[in-house]
Amino acid sequence: MSQVKEKDTVKVHYTGKLASTGQVFDSSLEREPIEFTLGEGTIIPGFETGVLNMKESEKKTIEIPKEEAYGEVRKDLFQQVGKDQLPEEIKPEVGMGLVSQNPDGTERQLRVAEVNDDHIVVDANHPLAGHDLSFELELVEIKS
């Protein structure tokens with residue numbers, strides 16, 4: 001039976017959890033498995049490493065340190081924004097998601113980290129930055 005190697009395209013079912021609490025943050029079990037090609041950098045490095053050498057139908061649990069996931073929380077990705085710069089209909093609350101448009105037209109996901117009288121603080125870190133992760137994996141298919 002073949003094993004996953006670099007450059008293979010694979011389909012994987014997963015359940016992702018915060019390693020510290022076991023809280024599930026995402027799962028593919030109620031939808032199609034994720035499909036990706038190893039070595040293309042489309043998924044976090046620790047996930048890709050965890051899939052290497054798996055066989056079809058194999059199941060395993062992997063632990064991914066934050067350095068191989070979404071990294072540390074970066075202070076430089078917090079920014080103060082005046083409430084007068086927000087659309088009138090937005091009533092900011094801590095934890096609320098916002099989208100900002102970059103000068104090149106691309107969009108950036110933000111999270112409201114703090115609400116003050118005249119300004120808010122937004123956080124552009126990935127929501128899973130700063131967390132070690134755990135994934136339950138099942139290799140569905142190797143499409144090499």
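**View 1. Leucine 137 and the residues around it.** Leave aside neighbours within four places in sequence, and leucine 137 is in contact (heavy atoms within 4.5 Å) with Val12, His13, Tyr14, Phe47, Gly50, Val51, Met54, Glu58, Lys59, Lys60 and Ile62. Keep in mind that this is a predicted model, where local features need pLDDT of at least 70, side-chain atom pairs count only at pLDDT 80 or more, and totals for chains, interfaces and linings use all residues. Residues are numbered from 1 along each chain as its sequence is written, and side-chain values use heavy atoms, with hydrogens and water left out.

**View 2. Histidine 13 in strand β1.**

**View 3. Tyrosine 14 and phenylalanine 135.** Rings of Phe, Tyr and Trp (its six-membered ring) pair if their centres lie within 6.5 Å, and planes over 60 degrees apart count as edge-to-face. By this rule there are 5 aromatic pairs. In one of them, the rings of tyrosine 14 and phenylalanine 135 sit 6.1 Å apart at their centres with planes at 65°, so the pair is edge-to-face. Tyrosine 14 belongs to strand β1 and phenylalanine 135 to strand β9, so this pair ties together parts 121 residues apart in sequence. Phenylalanine 135 is buried, at 6% relative accessibility.

Conventions: Helix = DSSP H or I, 4+ residues; strand = E, 2+ residues; numbered from the N terminus. Phe/Tyr/Trp six-rings, centres within 6.5 Å; stacked < 30°, edge-to-face > 60°. Buried < 20%, exposed > 50% of the residue type's maximum accessible area, 1.4 Å probe, protein only.
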